[in-house]
Protein chains: 2
Amino acid sequence: MIKNDLFLRALKGESLERPPVWMMRQAGRYLPDFMKLKAKYDFFTRCRTPELATEITVMPIDQVGTDAAILFSDILVVPQAMGVDVQMKDGIGPWLPSPVRTKAAVDKVVVPDVQQELGYVLDAIKLTKITLDNRVPLIGFAGSPWTILCYMVQGQGSKNFDKAKAFCFQEPVAAHQLLQKITDTTIAYLKAKVAAGVDAVQVFDSWGGMLSPVDYQEFSWQYIQQIIDALKEEVPVIAFGKGCWFALKEMSTSGAAALGIDWTCSARNARYLTGGAITLQGNFDPSRLLSPPKEITKMVHQMIDEFGKDKYIVNLGHGILPNIPVENALAFVEAVKSYPR
Amino acid sequence: MIKNDLFLRALKGESLERPPVWMMRQAGRYLPDFMKLKAKYDFFTRCRTPELATEITVMPIDQVGTDAAILFSDILVVPQAMGVDVQMKDGIGPWLPSPVRTKAAVDKVVVPDVQQELGYVLDAIKLTKITLDNRVPLIGFAGSPWTILCYMVQGQGSKNFDKAKAFCFQEPVAAHQLLQKITDTTIAYLKAKVAAGVDAVQVFDSWGGMLSPVDYQEFSWQYIQQIIDALKEEVPVIAFGKGCWFALKEMSTSGAAALGIDWTCSARNARYLTGGAITLQGNFDPSRLLSPPKEITKMVHQMIDEFGKDKYIVNLGHGILPNIPVENALAFVEAVKSYPR
């Protein structure tokens with residue numbers, strides 16, 4: 001049914017002529033047409049207007065030629081739906097004026113009706129599926145409960161999320177209550193996304209690598225595992241933990257269809273740590289897209305050689321940076337399509 | 001000659017009754033007496049006045065009881081000595097108004113006479129040695145060439161040092177020239193520190209973990225290796241790379257006397273990756289010092305059990321945070337001294 005199903009076949013572990021390719025944050029600020037919409041509509045208007053979210057989601061399919069689309073949205077629509085005020089400030093990024101830092105504040109956090117509170121995302125999925133017309137699969141996503149907690153408690157981005165960690169270490173009972181509320185919301189949210197039409201989901205644990213391996217198990221992984229357990233029968237789940245190389249072994253037996261790898265973990269280490277059986281996704285250094293296009297092509301071919309063309313989805317090791325020239329992003333995608341050279 | 005020589009004996013790999021303990025950034029902002037000096041004297045005055053640097057360096061020995069002192073200073077005195085303007089701005093941190101971003105700018109960077117440009121550090125070492133009166137050893141330090149380049153090119157702290165990486169990837173020849181100039185300066189600087197009296201040196205590669213393993217070899221490790229080669233006959237060298245777990249194997253055969261480990265690498269992984277023969281230093285999560293003191297004691301004892309009491313120096317996995325209560329830092333140090341419990 002989906003014409004280019006390389007991505008879904010890679011998630012199933014099928015042998016392919018070449019791996020599929022997409023880029024985290026591919027629907028974003030390196031695209032001049034995105035910047036035009038950004039100048040006209042504020043962040044949450046873009047998220048909340050299905051026509052805009054659809055236009056942005058489809059943009060990289062038309063302009064860069066990736067093998068999968070990922071719905072334009074943000075991980076912070078979830079805490080917003082849970083009753084926490086989330087703003088997006090220029091030059092600062094996410095800004096939560098009333099961070100959740102006490103047991104009483106956790107008690108006030110709502111597990112919402114996702115159809116009601118996040119219906120605009122589901123509408124965007126339906127419209128995007130129609131617009132994509134089965135050209136490529138559509139990925140839905142959510143932040144990991146730990147990563148969402150980081151923002152809810154810290155109140156903004158941070159180098160070390162010290163306030164979020166202090167809360168977990170000093171008020172572990174309240175922290176786990178909050179994590180469970182986020183997990184319950186995320187499961188309902190991703191299930192609704194699947195019902196609305198997404199073909200796969202990815203859980204982003206952007207800040208899991210801030211935790212020690214023991215704390216990662218306690219405050220992050222067990223909740224991601226709940227999400228995988230709840231979703232895996234319905235849809236392939238990709239788990240991506242930035243800096244979480246130390247947990248790859250456990251992740252590899254979690255029921256996830258694929259694991260995202262960041263650029264500090266070599267293909268060899270990633271295959272070794274995950275036992276060689278699971279599909280891996282990554283792991284080009286986003287900053288390396290600043291290299292000249294010829295070098296990008298060479299490095300991408302080498303990366304595929306190292307991961308192997310099967311059980312592999314080419315991606316960056318984190319989101320694409322705003323200052324990447326479109327021609328460099330194109331060189332990245334084209335290098336995959338020209339494999340084997 | 002040095003009364004408490006646990007730290008130096010651990011660096012030699014001797015079997016000890018308990019491991020030594022110190023904390024990265026132990027001479028700093030969690031100490032109320034430091035804050036009093038901070039209120040009176042600006043950052044570089046504290047660095048440049050031997051009496052102040054000495055007072056701050058000795059403070060944690062008297063007040064927290066660590067087994068080694070580390071000279072109060074900053075890694076950015078090196079680029080400053082190389083002719084680059086470095087300021088310290090409240091709320092921002094390091095601020096370099098004229099970052100080095102072109103070949104022409106690299107050409108202007110000076111390899112200075114360290115006796116002349118950094119004599120104040122050497123004076124502080126001599127005064128600190130007298131003041132310490134051989135109670136504990138004194139550690140001197142420098143940033144890794146890559147980490148110094150990060151600040152010189154980016155011009156300030158950053159989540160991803162995108163401008164620094166762009167410079168390396170787009171102007172590799174100029175980047176290597178700059179890295180070599182920093183390396184030559186650092187070697188001369190550390191040799192002068194040894195001559196002035198430090199008992200060991202540590203190289204801090206705070207941002208090595210931003211690089212892929214291949215880029216780490218090219219832009220960071222080869223220069224740290226030069227520093228180790230130049231110093232190792234004179235003094236024990238500790239190499240600490242935050243996020244550099246992927247390079248631990250190579251580091252372990254570098255001639256370094258010990259390797260710093262961050263908190264994302266378990267003791268088991270660290271021993272495995274380094275082959276078990278080299279002294280390791282670390283790796284308590286700095287944020288975990290926000291836990292109640294009783295928990296800190298328990299976790300420290302467990303950490304020593306996991307690393308083993310020999311070939312081990314207890315430390316944090318990165319610098320101590322400003323918001324740590326002194327009693328928690330004390331609990332950390334006391335836990336080591338009460339080992340085996």
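Among contacts in chain A between residues at least 6 apart in sequence, what percentage join residues at least 24 apart? In this predicted model, the share is 74%.

Chain A contains 16 helices and 9 strands. Its radius of gyration is 19 Å, close to the 20 Å that the globule rule gives for 341 residues, and chain A is therefore as compact as a globular protein of that length. The C-alpha trace of chain A spans about 60 × 45 × 35 Å along its principal axes. Of the 341 residues in chain A, 54% are buried.

The next topic is the interface between the chains. Here 26 residues of chain A are in contact with 25 residues of chain B. Two helices of chain A, H10 (162-170) and H12 (213-231), each supply at least two residues of the side that touches chain B. The largest share of that side comes from H10(A), with 5 residues. Sorted by class, the side of chain A that touches chain B has 9 nonpolar, 11 polar and 6 charged residues.

Which strands pair with S4(A)? One of them is strand S1 of chain A, residues 69-70, which pairs with S4(A) in the parallel sense over 2 bridges. In this pairing, Ile70(A) has Ile139(A) in S4(A) as its bridge partner. Strand S5 of chain A, residues 200-205, is also joined to S4(A), through 5 bridges, and these two strands run parallel. Here the bridge partner of Ala142(A) is Val203(A) in S5(A).

Asn134(A) lies between helix H8 (119-132) and S4 of chain A. Its phi is near 65°, a positive value in a residue other than glycine. Asn134(A) is partly exposed, with 14 other C-beta atoms within 10 Å. In chain B, Asn134(B) is placed in the loop between helix H8 (119-132) and strand S4 (138-143). The phi of Asn134(B) is near 60°, again positive in a residue other than glycine. Asn134(B) is partly exposed, and 14 other C-beta atoms lie within 10 Å.

Where in the chains do cis peptide bonds occur? In chain A, the peptide bond from Gly282(A) to Asn283(A) is cis, with omega near -10°. Asn283(A) belongs to strand S8, residues 279-284, of chain A. In chain B, a cis peptide bond joins Gly282(B) and Asn283(B), where omega is about -15°. Asn283(B) is located in strand S8 of chain B, residues 279-284.

Note on methods
Residues numbered from 1 in each chain as written. Chains lettered and ligands numbered in written order. Predicted model: local features only at pLDDT ≥ 70, side-chain atom pairs only at ≥ 80, totals over all residues. Helix = DSSP H or I, 4+ residues; strand = E, 2+ residues; numbered from the N terminus. Rg over C-alpha atoms; globule rule 2.2 N^0.38 Å. Buried ≥ 20, exposed ≤ 12 C-beta atoms within 10 Å, placed from the backbone. Contact = placed C-beta atoms within 7 Å. Nonpolar A, V, L, I, M, F, W, Y, C, P; charged D, E, K, R; others polar. Pairing = 2+ DSSP bridges.
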